[in-house]
Amino acid sequence: MFNDRLFVLALGTFAIGTEGFMIAGVLPALAQDFRVSLSAAGQLVTAFSLAYAIGSPVLTTLTGQTEKRKLLALSLLLFALANFVCGLAAQYGMLMLGRVIAAVGAGLFVPSASTTAAGLAAPEHRGKALAVVIGGQTVALALGVPLGTWIAYAFHWRTTFWLVGALALLAAVLIRLRLPVISPTAPIPLKERLS
């Protein structure tokens, strides 16, 4: 049961890692389809990174009193929705908006998944629990990125966003079904998070 719960959290970090890293491999196709320069397409990476870096500590502080299972599921639903928006984007601006929304969902999920994993484990197993959950992103870098890039060129770049969205949706449902209700921890003030 313990490993199942960690696997579900790792599935979420895998989906987030795959989406966050795979974009680099599909930038030429995006630039061509939206008739923008490669450097303009690269701004999709910058926008995601900035929204994640700025939004994560702020939103994590604001949602600190939210029950964790609910927060994890909702943040992955938001991430999934954003990927579906990216997959359907007809204009560069819509794709950019989808990437920013995806970053917000990712920025809420990853810190909450880490604290949840630590909370589900006995004190002597917390390091292992964190390694499993964060390992989802490591696996995404090793497998998700090349696979996502291959899918983008074998089918279409939109397919990668739809598949990542479906994976995030699956992880959200599994979190709702497999994780217990998890009371929020004492909130960490924003000033402390930023320091």
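Residues are numbered from 1 along each chain as its sequence is written. Because the model is predicted, local features need pLDDT of at least 70 and side-chain atom pairs count only at pLDDT 80 or more, while totals for chains, interfaces and linings use all residues; side-chain values use heavy atoms, with hydrogens and water left out.

**Stop 1: the core**

Select L9, L30, L95, F109, W157 and I175. In the largest nonpolar core, which has 49 residues, these touch the most other members. A nonpolar core here is a set of buried Ala, Val, Leu, Ile, Met, Phe, Trp, Tyr and Cys residues joined through side-chain atoms within 4.5 Å. Buried means under 20% relative accessible area, exposed means over 50%, and partly exposed is in between (1.4 Å probe, protein chains only).

Which helices supply this core? At least two residues come from each of α1, α2, α3, α4, α5 (126-154) and α6. The most come from α1, with 14 residues. Helices are DSSP runs of H or I with at least four residues, and strands are runs of E with at least two, numbered from the N terminus.

Now keep L95 and show what surrounds it. Leaving aside neighbours within four places in sequence, L95 is in contact (heavy atoms within 4.5 Å) with L30, F34, L44, C86, A89, W157 and F161.

**Stop 2: the salt bridges**

How many salt bridges does a search of the whole structure find? It finds 2. A salt bridge is a side-chain nitrogen of Lys or Arg within 4 Å of a carboxyl oxygen of Asp or Glu.

Select R178 and D4. They form a salt bridge whose closest N and O atoms are 3.1 Å apart. R178 is in helix α6 (residues 157-178) and D4 is in helix α1, so the pair ties together parts that are 174 residues apart in sequence. R178 is partly exposed because its relative accessible area is 29%, and D4 is partly exposed because its relative accessible area is 38%.

Next, select R99 and E19. In this salt bridge the closest N and O atoms are 2.5 Å apart. R99 belongs to helix α4 (residues 92-120) and E19 to helix α1, so the pair ties together parts that are 80 residues apart in sequence. Are these residues buried or exposed? Both R99 and E19 are buried.

**Stop 3: from α1 to α2**

Select R35, in the loop between α1 and α2. R35 counts as exposed because its relative accessibility is 76%. Its phi is near 55°, a positive value in a residue other than glycine. Most residues other than glycine have a negative phi.

Move to V36, found in the loop between α1 (2-34) and α2. V36 is partly exposed because its relative accessible area is 24%. With neighbours within four places in sequence set aside, V36 is in contact with A31, A41 and Y92. To see a separation, draw a distance from the C-alpha atom of V36 to that of P57: these atoms are 32 Å apart, and the residues are 21 residues apart along the chain.

**Stop 4: from α2 to α3**

Select T63, in the loop between α2 (38-62) and α3 (68-88). T63 counts as buried because its relative accessibility is 17%. Its side chain reaches the backbone oxygen of L59 at 2.7 Å. This is a polar contact: a pair of N or O atoms within 3.5 Å, where, within protein, one must be able to donate a hydrogen and the other to accept it, and residues adjacent in sequence count only if both atoms are side-chain atoms. Leaving aside neighbours within four places in sequence, T63 is in contact with L71 and L108.

Select E67, also placed in the loop between α2 and α3. What does its side chain reach? The E67 side chain reaches the backbone nitrogen of R69 at 2.9 Å and the backbone nitrogen of K70 at 3.0 Å. Not counting residues up to four places away in sequence, E67 touches P180, V181, I182 and P184.

Finally, show α3 as a whole. The helix has 21 residues and reaches 30 Å from its first C-alpha to its last, close to the 30 Å expected at 1.5 Å a residue. The expected span is 1.5 Å times one less than the number of residues.

**Stop 5**

Select G127, which lies in helix α5. G127 is exposed because its relative accessible area is 52%. The C-alpha atoms of G127 and A117 are separated by 9.3 Å, and the two are 10 residues apart along the chain.
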